[in-house]
Amino acid sequence: MGTAAESKQERSWFDSRTSATSTESDTVIVGSLANIDFNPLDSAKHDQEKVFSDLNNPDIIDLRADREDGVSTFKACSSLVCVIAGTGTLGMPYAVAQSGWLGSVIIVLALLMSAYTGLVLIESLYLDSTKRRSSFQEIAQDAYGRIGHHLAYFVMAFGLFGVVVLYVILSSTLIQAMVRDRTENGTDVPVYVYVIGCSVFVWACLVLTKTMKEIALLSILGAVATIGVVLITAGVSFAEMAHRSAAVVGATHKLVDWSKFPVSLATISFAYGGNSVFPHVEGSMRYPRSWSRSLWMALWVCFALYSLIAVVGYHAFGHRTVSPILNNFPHGIWSILANTLITAHVLLAAPILMTSLSVMIETSIAQRWPAFEHGSTVQQFFKRAIPRTVSMLLVGLIASVVPFFGDMMDLLSSLTSCLSGFMMPIGFYYKLGGLKNSHRWEKLWVLFIMVVGTIATVMGTIDAVRHLAADFQK
């Protein structure tokens, strides 16, 4: 027992990175920067640390204390993979095709940038506070006041809404392709018909549930579907190259296209997205100090999947690579299987994302109109159903008018992924004092991320808008 207690104290000695003293008592708050212990980007602020030799002291509160009812580090890692790995995977080969083989380097760059911002975002939960912040919006509120809260709210809401639109577009176009391939005369039903059908399915799931938390089994099935599609894509690509099919013969490749760097970075960063969910995952962990380990393991798994599908897909189809990569597949069993997996995944995931957005909207309504949460069961049902129905009508309308998955994903990723994934977490971290005593090289790294993120957001958005305009002119 003595050895275990000493070991625990020793871990606390090295893990405790910052402290604050309450103005009302002598209680010491311990917690910030406790988990960045492996990262070369970590600034060693040992001369700033206060060392606590006995965390059993009742006057000491460890904000990163073990949580008995939390999940293991491995389960947290699995949840992160489920959150991060999604349909953004299907756009990776096209992102590399846009920027050339430079895109494979961008995958590594986005990995490092995502890892750093994922770490500092969680640090911001504890910085300059006597309690743990609970969400992305709460961090923004404490860092920049109401303006920060409103900006974070808008970015998250716009991102969730945009992803649902993408999911409806993707599922509709995939179902349209599968139906067309199965009909004898190749009759092509207009895509808006499938958009209506997919929107009605998502709407039914949306209005029939009051709250729909992220279901572990459903998330795992989504991740399994993504992994399956990556493996199928790699297999089909190798088979196409081995048989020298018409799809790969004459395909050309380029080393670098700097003009496409911004939109390529934005698209690849979109595939690493998930920052808005990170605080909830970390909050569910039994060992919060293991956050860095969970995040890195999850990102490396995603990196392996992204590298495989991007490099193999682009090598096989070259300049003919499209988004989603499934549209490059020849007709056959593997194409049907991959399309079915992704279609099922997005149709089941869309209600979860749309419910998250609906809960955000309904919470805001309830704060301004308390009576919204009261009433009979029937009244509460219609209070939920009306705004959710309006939201799904907008989703269906946009998906019908703009059924261009690849360019819509470029636009959404340019507008939101770099902002919420890179720039906002660093802005929070800076405002809350996380960079006060950091090393010069860390500040240079932060400056690099901000500059690159700004360029990718602005130039990527301009390029995506141009492509969408060209789509409408065809």
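A residue is called buried if its relative accessible area is under 20%, exposed if that value is over 50%, and partly exposed in between. The views below show details of a predicted model.

**View 1. Phe303 and Trp300 form an aromatic pair in helix α10.** Phe303 has a relative accessible area of 17%, so the residue is buried. Trp300, at 44%, is partly exposed. A pair of aromatic rings is described by the distance of the centres and the angle of the planes. For the rings of Trp300 and Phe303, the centres are 5.4 Å apart and the planes stand at 85°. Planes over 60 degrees apart count as edge-to-face, and the pair is therefore edge-to-face.

**View 2. Trp258 and Phe261 form a tilted aromatic pair.** The model has 10 aromatic pairs under the rule applied here. In the pair of Trp258 and Phe261, the ring centres lie 6.2 Å apart and the planes make an angle of 45°, so the pair is classed as tilted. Trp258 has a relative accessibility of 59% and therefore counts as exposed. Phe261, by contrast, counts as buried because its relative accessibility is 17%.

**View 3. Aromatic rings also take part in a cluster and in a contact with a charge.** Phe136, Tyr144 and Phe428 make up one aromatic cluster. Elsewhere, the ring of Trp369 has the charged end of Lys383 sitting over it, 5.4 Å from the ring centre.

**View 4. Helices α6 and α11 pack against each other at an oblique angle.** Two packed helices are described by the angle between their axes and the distance between the axes. Helix α6 comprises residues 191-207, and its axis lies 9 Å from that of α11, at an angle of about 55°. The two helices are therefore oblique to each other. Their crossing is right-handed. On the α6 side, the contact is made by Cys198, Phe201, Val202, Cys205 and Leu206. On the α11 side, the residues involved are Leu347, Ala350, Pro351, Met354, Thr355 and Ser358.

**View 5. A cis peptide bond joins Ser323 to Pro324.** Most peptide bonds are trans. The bond between Ser323 and Pro324 is cis, with omega at about 0°. Pro324 belongs to the loop that lies between α10 (291-317) and α11 (333-368).

Notes
Residues numbered from 1 in each chain as written. Predicted model: local features only at pLDDT ≥ 70, side-chain atom pairs only at ≥ 80, totals over all residues. Heavy atoms only, no water. Helix = DSSP H or I, 4+ residues; strand = E, 2+ residues; numbered from the N terminus. Phe/Tyr/Trp six-rings, centres within 6.5 Å; stacked < 30°, edge-to-face > 60°. Buried < 20%, exposed > 50% of the residue type's maximum accessible area, 1.4 Å probe, protein only. Lys NZ or Arg CZ within 6 Å of the ring centre and 35° of its normal. Axes fitted to C-alpha atoms, helices over the stretch in contact; angles between N-to-C directions. Parallel < 35°, antiparallel > 145°, perpendicular 65-115°, else oblique. Left-handed = near helix turned anticlockwise from the far one by under 90°. Contact = heavy atoms within 4.5 Å.
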